[in-house]
Amino acid sequence: MAVNEKDESDNPEDDNVIDSSCLNGGDVLTRSLAFLPLHEIASCRRVSAAWRDAASHVRIDEEVVIENHHYAGLTDMARSCMGRQMRRIRLDQKRIRTQHLPQHGGLVGPEEFSVLCTGFSNLTHLTFRYCAHLEVDFSTMLQSTTCALKNLTHLNLHGNERIEWKLSDLVHLPQLMDVRCINNLRLTGTLRDLAESHPNASQFVTLDVSGCRSVTGDLLDLRSLPQLGWMGLSRTSVEGDLRRVRPSDFPSLRMAGLNDRMYGANAFDSVADAAAVMRARHGWIARSTEECPIWPFRVGLSRNSPEYHERIEQRLYSSERDPPFDIENVQAGNRRGWRWSNYLGGVCRVHWLDPVPVNDSKNILEYQAYLDGLADLQREEERSMFSSFYDPPNPLEYEELCL
């Protein structure tokens, strides 16, 4: 699962636009250069000393979008004052039209990527997405004394399958607080490398390594990051057990993509484990404003559990009479809980996770919303054949219900 990003304009004329109102002085040449794309302004510095001075007085936008063949001017930009002005550089090869791609299939090669890492000393945001053909050793660049990314706070390398680097390399980016590197197939390392070694670990707000199959570790390695709001660990080799998550762990977490290897991410082996798993998930759901704060959202008893059993009625279709081995989140007003369900109308009684709302003059509307929601849940239970059970019936109890 990955983090949702803002929609970007598809109009190429919106990119690399210079704000002509932000010019120093009234120099005609400077004003004229302000209407050129950035890579052309950088090239104009070569004409003469006067042109170099004029280009140096053009103030640029904070965010620079590299489109089409603009990467050709990266070296000139880095050598000019532009390299000191730029705060954000964004390249998204997925958005670039096919006819603008060079024959080798990539937009930026190793040389241009090296310029990005060494030539822009004040960058805070670097977005470099879907450059699937780019093959570079990012580790060596980060470890080099010439690396100029010391002020970087946001790094987005989504969809770069051939960039080689390790999570431990991020210690060379001491201001970092937001890392998104979905589907970086050559990223290696353990979560502990980041959580225990990074100088800014306490300020990390986003870590998304979804699809990075060589990333290992344990879910609880990240509980030492108090500001972590988004954690993407799906399709990795990270393991964990939600039963071990304490209420004080992950105090700022709002969204989590869990890996199937984790116990309780999408299944558990015993009915008795459901309460501990749901307590852990409840803390994240209660703090979040997202519609789907945890992925996988559905969880239930594993089909390999010795307590799991199939329906006994001879029919080819599913119905509300099937055993309720899935977990359904419920809510009455602001009070949350969970119950066993088959998602077809067969539900057990609710296990509440929150206390009953206070019934006083200050909370009249809140308490009434709770009563209305509770009445709806009770009507659903009354229609269910499992209404007398808090947990799924065992095979003998289920057989008696079906008689």
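The following legends describe several close-up views of a predicted protein model.

Residues are numbered from 1 along each chain as its sequence is written. Because the model is predicted, local features need pLDDT of at least 70 and side-chain atom pairs count only at pLDDT 80 or more, while totals for chains, interfaces and linings use all residues; side-chain values use heavy atoms, with hydrogens and water left out.

**Figure 1. Overview of the protein.** The secondary structure comprises 11 helices and 18 strands; helices (H or I, at least four residues) and strands (E, at least two) are DSSP runs numbered from the N terminus. Of the 403 residues, 50% are buried, where buried means under 20% relative accessible area, exposed over 50%, and partly exposed in between (1.4 Å probe, protein chains only). Among contacts with a separation of 6 or more, 66% are between residues 24 or more positions apart; a contact means heavy atoms within 4.5 Å. The accessible surface is about 19600 Å², and 46% of this surface belongs to carbon and sulfur atoms.

**Figure 2. An open parallel sheet of four strands.** The strands follow the order β4-β6-β8-β10, and their pairing is parallel. Two strands pair if DSSP finds at least two bridges between them. Strands β4 (136-137) and β10 (215-216) stand at the edges with a single partner strand each, so one side of each has no neighbour in the sheet. Strand β8 (residues 187-190) is joined to β10 by two bridges, and Thr190 has Thr216 in β10 as its bridge partner.

Figure 3. Strands of a sheet pair through backbone hydrogen bonds, either parallel or antiparallel. Here, β15 (residues 299-301) and β16 (residues 326-332) run antiparallel and are joined by two bridges. Gly300 stands opposite Asp326 in β16, and the bridge partner of Asp326 in β17 is Ser341. Seven bridges link β16 to the antiparallel strand β17 (residues 335-341). These two strands, β16 and β17, form a hairpin with two residues between them, and Gly333 in the turn has a positive phi of about 65°.

**Figure 4. The surroundings of Phe138.** Phe138 belongs to helix α7 (residues 138-143). This residue is buried, with a relative accessible area of 0%. Leaving aside residues up to four places away in sequence, Phe138 touches Phe113, Cys117, Leu155, Leu157, Ile163, Glu164 and Trp165. Trp165 is 27 residues from Phe138 in sequence, and their C-alpha atoms are 5.2 Å apart.

**Figure 5. Two partly exposed residues, Arg88 and Ser121.** Arg88 lies in strand β2 (residues 88-92) and has a relative accessible area of 32%. Its C-alpha atom is separated by 4.6 Å from that of His125, 37 residues apart along the chain. Ser121 is placed in the loop between α6 (110-118) and β3 (125-129), with a relative accessible area of 34%. Ser121 and Leu149 are 28 residues apart in sequence, with a C-alpha to C-alpha distance of 6.1 Å.

**Figure 6. The second largest pocket.** This pocket has a volume of about 280 Å³. Of its 15 lining residues, Arg303, Tyr308, Glu310, Asp322 and Pro323 are the closest to its centre. On a 1 Å grid over the protein atoms alone, a pocket is an open set of points where a 1.4 Å probe fits, with protein on both sides within 12 Å along at least five of seven lines; lining residues have an atom within 4 Å of a point. Grid points are joined across faces, edges and corners, and the volume is the space filled by probe spheres set on the points.

Conventions. Accessible areas come from the Shrake-Rupley method with a 1.4 Å probe; for residues, only the protein chains shown count as cover.
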